[in-house]
Amino acid sequence: MCGEFEQYSTAIQYLWDTWLDPYKERFVAAYINQFMHLGSNSSQRAESAHARLKRYLGDTMSSLQTSFQKIEKMLTSQFGDIQGSFQKSLNIPRHRHLHEGIYSEIRGRISLQAINLIDKQAQRTDNEGGLCCCKIKRTHGLQCFHDIALYRSVDRPIPLNSIHPHWSTLSMHAQRHTDEGARSDRAAELIQRLNEMDSDSREFMMDRFLDMADPSRCTVRPPAYNTEHKGRPTGRDEQSRGHIPSFTVSTSEFRASRIPTLRRTNGRDHLVEKFPQQYQRYISHCVDVRPDGHCGFRAIAAQLYSSEDEWAQVRHDLIQEIEQNWVLYNQIYPEHNYVSQVLQRLRCFLPSAPEDYWMDSISLGLVVTSVYNVVLHTFDMIASSCFTHLPLSSHPVPIATRTHIAIGRVNDNHFVQIFLYRHYSVPPIIIWWTPNASHEAQGWAHPYEARLQLWYEVMQIDPPGQRPQFGGNVD
């Protein structure tokens, strides 16, 4: 190189001093091909992934939640692309690989990229021959052309165990080696024994199983959350989220409000005791919110935005959802001008909401689940007013990654946050969801079938066959 470009001696000296002498082992093929790198020998993949992430994020002014949603969308897209490439490798072999005996054991069992690299080595045996330096075996863990020539000479296929496991990994899920037959037999035996028990014994045993599987189902509850704080009252500084105002009101105004405040004594969480006694064992604890007429929206904001002060944003989100899907909600609530009334009740951003603007969880439950793509459980002091609300039009999210939130109405006019133990029994799905949910959204209900049945057993009631009634004005 020095002789060929001797007129550029300064540039050659710069390359030698800056790159070749200190870093040649990191990028010169003669050095890096001494180690297995599986084709990843530069930072291009990381840099392209970074560029793709920036395209999805768009700007630097997004909130943490918005950024998370954009990143999740990008990862979901990448996951789909990877799964698609796996399916091509498993199901779409190249035509020339179908008739070559040496590929019979690896065809459809390693990636197309790997089998194409092997095919290039096989073509060398036909065209070039010569000395083999075994580079591809050293760098990629694949058969080089002198190995392929040997397999052809003895009429044997390339064995799968001679390929590096990297190329035969065609799934995003870890492979488990278990005795499925034995597990199935034991599970069937356990189910049979539970079915032979009376209902009380069965419930007792199921609770014990769940306690062992999930230690968080402890009966010890955390200290109650106190919303009445001493000290200087907070100011009225207006916070902003886009163009939606969020208000902070001093505690002295709450004391003057005619809305009753729930009190706690001796550290006990009396909110749990407000709900049906048979269901209290599934409630870990409740958290109160400010009783300013926005409490229903505060209870939702606290669980979705991690701050009850984002109640105004929740109101805005629900308004936007109804306006964008006006026809759908008119179909769900066909009563004369009812959707307009629901929309009007949402249009209140005063520090303290009058009674006409309090939340009605019965009519707004499906709106909440559809706009946030979550599962919402609404509880009341009587079992017949407890419901589950599911999204109306989105594809189901895997049960392990779903967001479940719960709110409850106490004293007929105040909402609180509810936190449930895992494996809780699920209240019945609101009757309007089934006939109005899209075909894609119907799968949201499937994982809850057994737990829906458990609800009726726990509450000792028969599944209702009549349409639920409106709960009236609530907050």
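**Notebook: helix H14 and its surroundings**

I looked up the handedness first: H14 passes H16 in a left-handed crossing. A crossing is left-handed if the near helix is turned anticlockwise from the far one by less than a right angle, and right-handed if clockwise. My element names follow DSSP runs numbered from the N terminus: helices are H or I with at least four residues, strands are E with at least two.

Ground rules for these entries. This is a predicted model, where local features need pLDDT of at least 70 and side-chain atom pairs count only at pLDDT 80 or more, while totals for chains, interfaces and linings use all residues. Residues are numbered from 1 along each chain as its sequence is written, and side-chain values use heavy atoms, with hydrogens and water left out.

**Entry: overall counts**

I noted 19 helices and 7 strands in the protein. Of its 475 residues, 38% count as buried. Buried means under 20% relative accessible area, exposed over 50%, and partly exposed in between, with a 1.4 Å probe and protein chains only. I then checked contacts between residues at least 6 apart in sequence: 65% of them join residues at least 24 apart. Contact here means heavy atoms within 4.5 Å.

**Entry: H14 against H16**

Two packed helices are described by the angle between their axes and the distance between the axes. For H14 (residues 311–324) and H16 (residues 338–346) I read an angle of about 155° and axes 9 Å apart. Axes are lines fitted to C-alpha atoms, for helices over the stretch in contact, and angles run from 0 to 180 degrees between N-to-C directions. The pair is therefore roughly antiparallel. The classes are: under 35 degrees roughly parallel, over 145 roughly antiparallel, 65 to 115 roughly perpendicular, the rest oblique.

I listed the residues that meet. H14 brings Arg315, Leu318, Ile319, Ile322 and Glu323; H16 brings Val339, Val342, Leu343, Arg345 and Leu346. By class, this contact has 7 nonpolar, no polar and 3 charged residues. Ala, Val, Leu, Ile, Met, Phe, Trp, Tyr, Cys and Pro count as nonpolar, Asp, Glu, Lys and Arg as charged, and the others, Gly among them, as polar.

**Entry: H14 against H17**

H17 (residues 361–372) packs on H14 at an angle of about 90°, with axes 9 Å apart. That makes H14 roughly perpendicular to H17. From H14 I found Gln313, Val314, Asp317, Leu318, Glu321 and Ile322; from H17, Leu364, Val367, Val368, Ser370, Val371 and Tyr372. The contact of H14 with H17 has 8 nonpolar, 2 polar and 2 charged residues.

**Entry: H13 against H14**

The axes of H13 (residues 295–304) and H14 come within 8 Å and cross at roughly 95°. H13 is thus roughly perpendicular to H14. Phe297, Arg298, Ile300 and Ala301 of H13 meet Trp311, Val314, Arg315 and Leu318 of H14. I sorted this contact into 6 nonpolar, no polar and 2 charged residues.

**Entry: nonpolar cores**

Leu318 kept turning up, and I followed it. In the largest nonpolar core, of 68 residues, Leu318 and Trp433 touch the most other members. Such a core is a set of buried Ala, Val, Leu, Ile, Met, Phe, Trp, Tyr and Cys residues joined through side-chain atoms within 4.5 Å. Leaving aside neighbours within four places in sequence, Leu318 is in contact with Phe297, Leu346, Leu364, Val367, Val368, Val371 and Tyr372. I also found a second, separate core of 19 residues, which includes Ile102, Ile106, Leu142 and Cys144.

Gly365 lies in H17. With a relative accessible area of 0%, Gly365 is buried. Not counting residues up to four places away in sequence, Gly365 touches Leu376 and His389.

Val426 lies in the loop between E7 and H18. At 1% relative accessibility, Val426 counts as buried. With the same exclusion of residues up to four places away, Val426 touches His377, Thr388, Tyr448, Arg451, Leu452 and Trp455. I noted that Leu452 and Trp455 are among the buried residues of H19 (residues 449–459).

**Entry: positive phi**

Most residues other than glycine have a negative phi. I logged some exceptions. Asp155 has a positive phi of about 60°, in the loop between H8 (145–153) and H9 (165–168). Asp155 is exposed at 71% relative accessibility. His423 has a positive phi of about 65°, in the loop between E7 (414–420) and H18 (433–436). His423 is partly exposed at 32%.
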